[in-house]
Amino acid sequence: MNGMTQQFPALIIVIPLLAALLTPLLGTLTRRLCHPWLVLIIGCAFCMSLGIAAQVITSGPISYNMGGWEPPWGIAYRIDHLNALMLVLISGTGLLGALYSGPSFAKELPGRQTYASALYLLMITSLMGIVITGDLFNVFVFLEISSLSAYGLIACGSGDAPFATFRYIIMGTIGASCYLLGVGYLYISTGSLNLADLSRLLPQLYHSHVVLTAGALMLVGLSLKMALFPLHAWLPDAYYSAPSTVSATVAPLYTKVAGYLMIRIIYYLFERRFFVEVFPITTILSWAAVVALLIGSIYAIAQKDLKKMLCYSVIAQVGYIVLGIALVNKAGFSSAILTIVSEVCTKSCIFLATGAIIYRLGNSRIDNLRHLFRRMPYTMLAFTIGAFSMVGIPPTSGFFSKLYLLFGCLEAGNWVFIAALLCSTILNVIYFFRVIKVACFEDPQPEYQRQEAYPAIEVEEVPAAMLIPILLAATSIIATGLGSFWIVDNFVKPLLKVVF
Amino acid sequence: MLDFIIAKYNFWIYVVLMMIGLFAMLAKRNLVKKLIGMNIFQTAIILYYVSIGVKKGKVHVPILVGAHGHGEHLFKAADYLNPLPHVLMLTAIVVSIATTGVALAVLILIYRRYNTLNEDEIIELRQAEQEAEV
């Protein structure tokens, strides 16, 4: 058994990848098995990621050399506390989405569940691949696999999904190409593609223009992928028109995985002093982030559709992550990681709940949400918990991540950032409580005196396979909120020791 | 100046190609032309990678006869091409083909829906749809 756990880093990628390729075959035999198969495989991956995380917490980072080739030549997987945490988040969100996909795919993509399931598995595999690998070119390959599966899944959505997807393809490809070019520049100046090896070689070359260009290209490429303002225009349409299950996994995961890569580049590939002293790109990033979190929230207020509003809120949340990264201090770094954790839980919960609303109502126009608290009490309860976390009300996880971000801004002594942060919190209150108001409270009676009885409304919850993931996601918000000090102690502090 | 350009001509070629691709993606209104621009953009980067592995006049391909205990052999790294960028680009070419394939499929979907591939016309049609909804 011990030998088996040592192979987890490889198996967690290989098993879902093979399973993804086998899914179409399974689908031609019997379509009904696709959903249990999806849950089974991603469940396995989730268990393995928990095993890896436990191993990392107890005995420190794991190194795994693919095929036994030593690092600078072979592809090495190096799993420290950051990857381990990301792996759990990705496979966990993937598992919730897989459970949810049964009834959701059956309704939105009838007859196409097989291929959608195959792409879904491929997407989760490649996201795990991005975070687990320690090889920069391998990151590019997984980045493109994840984007390609997302293009496929989003394009089968409703409305003008194809056009939104085409825009996403163009922007995503430019982003990935910029990243690839940056990796190429690092390769010609060092001859290495391994992250650990590069971080050892690069400090002597910090004043080389090639290395500067490489850093800039990689960060611009990732900013495109994570939809950082002003490179965000492709995101709302694409995420809006995606099928519910897809937007409930793409929205929480993609921008955060790009955020993870940004942390790796700024803090691990280069030393943080490079981006502060030699090449002060963090200043630009932090201002872009501040604008993103204000603009994203303002656009969100302007939306009349719940799902569209949430898509803009994704853009605002990218701002929080990048601001945390770009502050380059301990509290900021901690807040970036906590924001990633809280965002994955919260966005997954809110998008799953919105998917349930669309499942019942057929659309997500905010005007249509009346009486929803009585029609779908559990879904709306989960939605409310998610909304509280977005605003940052304790004890949800959103509160703790914002608290750390506030400490980071205080440490940096930048009062504009603090003002922007508080402003955006108020904007969050406006756009989320508007939804809760419509769904919860009736229109005021003309004379504030009710004559007739309340209209009878039957409870119409979604099927259990959809409701359970929603409630689990809501629980995870509270759990990560209450356990945020545990996360800081076990995951963030060991990272801080290495980075600062 | 001319020497500077000639000495690094592979970089100049890839930058020019890349800018042509970027221009096509930004300025062309036809979606197929945008896609072709995207392809040129990707190919430029592939050419860049391929060109950095090449050494002038050194045409040996590194097949190590002396490796794995088949007798002694002395190697000078400078005599050999660097095969790694080329191998990497095999993967990148596959990625770019896959992207093109997906994009073409998406273009077919767009054409079925709007009966045109001109971006301006599609945007007008979308706005008309949205107004009709409201």
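Tutor: A:Ile436 is found in helix 19 (residues 415–440) of chain A; helices (H or I, at least four residues) and strands (E, at least two) are DSSP runs, numbered from the N terminus. The model is predicted, so local features need pLDDT of at least 70 and side-chain atom pairs count only at pLDDT 80 or more, while totals for chains, interfaces and linings use all residues. Residues are numbered from 1 along each chain as its sequence is written, and chains are lettered from A and ligands numbered from 1 in the order in which they are written.

Student: Why is A:Ile436 called partly exposed?

Tutor: A residue is buried if 20 or more other C-beta atoms, placed from the backbone, lie within 10 Å of its own, exposed if 12 or fewer, and partly exposed in between. A:Ile436 has 17 other C-beta atoms within 10 Å, and therefore it is partly exposed.

Student: Which residues does A:Ile436 contact, leaving aside its neighbours within four places in sequence?

Tutor: A:Ile436 is in contact with A:Thr384 and A:Ala387, where contact requires C-beta atoms, placed from the backbone, within 7 Å. The C-alpha atoms of A:Ile436 and A:Gly152 are separated by 33 Å.

Student: What makes B:Ile46 count as buried?

Tutor: B:Ile46, which lies in helix 3 of chain B, has 23 C-beta neighbours inside 10 Å and therefore counts as buried. Not counting residues up to four places away in sequence, B:Ile46 touches B:Met89, B:Ala92 and B:Ile93.

Student: Where in chain B is confidence lowest, and where is it highest?

Tutor: Confidence is expressed as pLDDT, the predictor's confidence in each residue, from 0 to 100. Within chain B, helix 1 (residues 2–7) has the lowest mean, 78, and helix 3 the highest, 91. The mean for chain B is 82, and 83% of its residues reach 70 or more. For the complex, the predictor gives an ipTM of 0.89 and a pTM of 0.91.

Student: Why are helix 15 of chain A and helix 21 of chain A called oblique to each other?

Tutor: Helix 15 (residues 330–361) and helix 21 (residues 484–499) of chain A pack at an angle of about 130°, with their axes 10 Å apart. Axes are lines fitted to C-alpha atoms, for helices over the stretch in contact, and angles run from 0 to 180 degrees between N-to-C directions. Angles under 35 degrees count as roughly parallel, over 145 as roughly antiparallel, 65 to 115 as roughly perpendicular and the rest as oblique. The two helices of chain A, helix 15 and helix 21, are therefore oblique to each other.

Methods
Two residues are in contact if their C-beta atoms, placed from the backbone, lie within 7 Å.
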